[in-house]
Amino acid sequence: MRGMTEQQITVERTEEGDKEKKKKRRSRRSKQNPAVSGSNDSSVSGIHMQESRCLSNNSTSNHVTLSMNVSSAQFYGLDVQTSHDNGLATASDVTFHSMPTMHINGETAAVELGSTQDEQLFPLTVLSKSCPEPICNEGKNGSFSNEDFLYFHKNEGYAGMQRKIYPLHWSIEAVNEAIEKGVTFRASFRVNAYNRLEAYCTIEGVPTDVLISGVVNQNRAVEGDIVAIAVDPPPFWTRLKGNSVPMDDCSVLPDVMGSLGENCKGKDKLDADYEDSSNGNVLLVPDMGLYDHERAFAGEAVNSELRLGARSFYCGSNGHCSSASGQAKVSCSPELNEVSNAVGKLCALISLFPPKRPTGRVVAIIESSRRRDAVVGFLGVKQWFSFKELNKKDTKKNKNSMTFSSREYIQLTPIDARLPKMTVSVKSLPGCIKKRLRDGDTMVEMELIGARIVDWREESYLPQANVMHILGHGGEIESQIAAILFQNSIHHDEFSTESLSCLPNIPWEVPGEELERRKDLRNLCIFTIDPSSASDLDDALSVEKLSNDIFRVGVHIADVSVFVLPGTALDIEAQMRSTSVYLLQHKVPMLPPLLSENLGSLIPGADRLAFSIFWDIDLCGNILDRWIGRTVIRSCCKLSYDHVQYIIDGSINVENLRALENGWPALHGQFDWHDVVRSVKILNEISVTLKDNRFKDGALHLESSKLVFLFDECGIPYDSILYEQKDSNFLVEEFMLLANRTAAEVISRAFPDCALLRRHPEPNLRRLKEFEAFWRKHGLEVDTSSSAQLQLSLWKIREKLKNDPVLFDVLMSYASKPMQLAAYFCTGDLKDKENEWAHYSLAVPLYTHFTSPLRRYADIVVHRTLAAAIEAEDLYLKQQKVQQLKLIKGKDIKQKCVTGIYFDKDVVESKECREALSAAALTYRVPCAEMLIDVAAYCNERMLASRHAEDAGDKLLLWVLLKKKETLTLEAKVMGLGPKFMSIYIHKLAIERRIYYDDVDGLTAEWLETTSTLVLDLCKNKRSQKRGSPGKCRAVEDVARVISSCDLKPNQFDFESSAPEEGTNQGAEAIHVASEEPGPGFNPGISDASEIEPGVFPITVQIFSIVPVALHANGGDDGPLDIGARLYMTSYFG
């Protein structure tokens, strides 16, 4: 037991400023902290603060000495160090500089902090509520003023001229010990894009995110960091914003758009239909706070496999992390009970204070976000030129003889609103930029810059960055694409020579040894179903009739693992890329085109290697038996989703198909169209039964509209249309889902500690209840007790709202908000938590990714594991000479112990079987648990980056489309309403936007709290009564496009002229994002949008009101891309 030892920790504060400024500052602090300043004898937790003085380097400085009673808080024994490294602040930079010195009547206060009942959970008394904000003129978005920036120039940067703004970061050792003792928590850090001073931290196992308010408490953490946080005691918690309505806790950039298009294949939606993205459509609800931390760009929800959500995937405490300066390990606690108890205590406190949100502060950065190395923004060149002009007389140098010193900096403004503004040393700029600056070229300000954060010291308000790339003019598509790739760390270079050398030469034929050891299925009617332009064909289907009511359905997946051998250059590069990225009309492939589009692609008429799974299924959807093995197949044709839909609808004449008319594909082999059509119809019938059974078992499907684009022959979008999923998509989905479930079952049986699976946690209970309460308030009953009941409720509501499909889309968006992210995980990482392996939306206990190895590295890992399981099973059966036979419909089939439908756990756990599995694992290089944990985390991260890149590409397309049209007027439904802004849903574009109406000159906004009603009206010659400089008030034109009634002209908003003329090649070659011609399931686009009438001031708005809006493209040359929305109005007095 520790004694009453006292540990002295000294934190140096440099004395600065005159006494008059200090008095003013103290006065402000005392007003902010009346509870502290009101008493000289504050007692909160056992820390005694005294003032001492010392003389160092002939300068006077203040020292704050903290005397800590170790017995009152065990955590105070942590190793505390300081670092004077000039590099990037790291997690080893430690201090208890967490509470600034309290001043009372000009004196340093001695604050003694007494113990409380929560002293173990909240041992530190540095409370975010009681900490004064840094002395900087931060605006609403956390930026500082031009005066501050010029001051920065004159004084060679903030460092060294100002006192420390931020506390030092704790050491890794201190963090480890604190996490083990349960006094700090590991959390992911996410910033509110609408207010960078607000950030939210998610602690695994805690239902409510922790608010980190203010730059000091955020302590130099940036979006995506994994941090260690200390949580404040409950009295200092804040009230939840919108705690009676469905809100989320994190903010994601409004520049990332939802699923606007089918960038991959229709089958790719199969998982995200059930794996929600918590970054789905932005949902704002009627509340005073009206804060949304989700996407302001919508449409994404849960129906696109590669679009999985927007939170960082660091789920699972694998203990692997890196400090800000490099890789480090934050170990998982050996005393898991203490960590678990701390989380339990925090959850209990949250349940005791349901209307409140925990607050806290960052004490260390455990793992640095990749966003630090991928910053895209604009340089404030004009501001810098202004500064140089002001100092021209002093320097007596003109711009032609301009020199740069290490004392000069230019401000970098990121396009990601969640990132802070940064400073860039002028001297460190690339030579081409410095040359343009010497020439006085202000156009540099319009160039997109790629940079990375290199330093952020405790004394610096802003981080320092280095410019790495000049991406091009901000208003050009190519530059924006380059920015998207850089910002998301997408590897798009050509494949290395070493990687390409791993592939066989072409022409290539199936080797004889592969034919001997594989099942030959080349005489089976097998075909692919993909978008018409797809070239990476990695899955195919087949069906055989065994009897009147039993069919053998086959799923055949490209056997890519034969070509991508573990540890080779190709394997390393594939793992680095991790997933293919579908950006605009192009693809950044995970594998070289020679493999993904040729050798590994299931091209019709070509012999290809495959993994095949067969199920014997009856008409009720019961699986009677199955077989899994490696095969050789030959696809007879490549069908598109439209082809399959025509077959399902019965709208084709089989006899006419023989003439290959109307774009139907060629047939290969001995099969005719009767065989293909019959197979498609049988498969569709079985898929409908399987789908019905899934929903009876509790599966959840959150529908959402999709926006796809039409392109002209130059690749420029000219229109967008809404797309709805068709029966042909569902047909493929069902069998891909079944294949993924089967693969997950087999590999988890064979390798229970090192199987790569995919889990989808249950929804956030608090948000789910808020969602339920919100819709009940508006007359719609939603039962969220289970996924099955939620799905049943949604079906009933859809029927009830059949005349208002837009409101149902809004409901679907709300329903996606409580959902959590699906993620890859290693079974060994959750060995004792098998209940957490389940997939909530699919309502299945085991799930993985197996069906897309040409574009997902996780699938290749699963293939290797599955191959090892199959070989081990065969080896075991041969060794044991097992001749167990069973009779199924007159056929003798071997009893499989691992891959079969029946599982004999005792056999698999026998010594002989384990030896066979170990030998096979070595042969196929199945990764161990420790390695697989890292692989899962990296795959999660890359998949998320891929989704962000694709969404940003979709937003770019919409921006280009609106830029051409200049202004587009459409109807919108109000989703959320409050005193400051409203959130609207534009059904025609499947997006959501915000319209702010606070602090607007000439506009009055009256918010009626009791009825949640907003009244907007024009008020000429009346300025805002809000405090602050008039320059910060916005003009009415920023909020509403107000036109005179006499200015309205017939067909004023007719966009027919921008669409391709009938009969031109432009229309014939039009494709959407998925490069498939519009067919069944598409709705008219915005070119067919009819003219709408403007609203009339004064206007009264309530939740779910319909309002006319004008949309336009913002940014490009002078800022980040955005889709602006204004009310489209007129006035009787205008």
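Asp 416 is buried, at a relative accessible area of 3%. Here buried stands for under 20% relative accessible area, exposed for over 50%, and partly exposed for the range in between, with a 1.4 Å probe and protein chains only. The structure is a predicted model, in which local features need pLDDT of at least 70 and side-chain atom pairs count only at pLDDT 80 or more, while totals for chains, interfaces and linings use all residues. Residues are numbered from 1 along each chain as its sequence is written, and side-chain values use heavy atoms, with hydrogens and water left out.

The side chain of Asp 416 meets that of Arg 418 in a salt bridge, at 2.9 Å from N to O. A salt bridge is a side-chain nitrogen of Lys or Arg within 4 Å of a carboxyl oxygen of Asp or Glu. Arg 418 also counts as buried, with a relative accessibility of 4%. In the whole structure, the search finds 47 salt bridges.

A second pair is Lys 726 and Asp 642. Their closest N and O atoms are 2.6 Å apart in a salt bridge. Lys 726 sits in the loop between strand S30 (717-723) and helix H19 (727-750), and Asp 642 sits in helix H16 (residues 641-649), so the pair ties together parts that are 84 residues apart in sequence. Helices (H or I, at least four residues) and strands (E, at least two) are DSSP runs, numbered from the N terminus. Lys 726 is buried at 5% relative accessibility. Asp 642 is buried too, at 8%.

Ser 728 belongs to helix H19. This serine is buried, with a relative accessible area of 0%. Contact means heavy atoms within 4.5 Å. With neighbours within four places in sequence left aside, Ser 728 is in contact with Tyr 641, Val 644, Gln 645 and Ile 648. Ser 728 and Asp 649 are 79 residues apart in sequence, yet their C-alpha atoms lie 9.9 Å apart in space.

Another salt bridge joins the side chains of Glu 781 and Arg 776, at 3.6 Å from N to O. Glu 781 is exposed, with a relative accessible area of 53%. Arg 776 is partly exposed, at 39%. Helix H20 (residues 765-777) contains Glu 772. Glu 772 counts as buried, at 12% relative accessibility. Beyond its neighbours within four places in sequence, Glu 772 is in contact with Val 782, Asp 783 and Thr 784.

Salt bridges also form a network. Its members are Glu 514, Arg 517, Arg 518, Asp 559 and Arg 630.

Strand pairing was examined next. Strands of a sheet pair through backbone hydrogen bonds, either parallel or antiparallel. Two strands count as paired if DSSP finds at least two bridges between them. Strand S9 (residues 226-231) runs antiparallel to S14, and 6 bridges join the two. Val 231 has Gly 360 as its bridge partner in S14.
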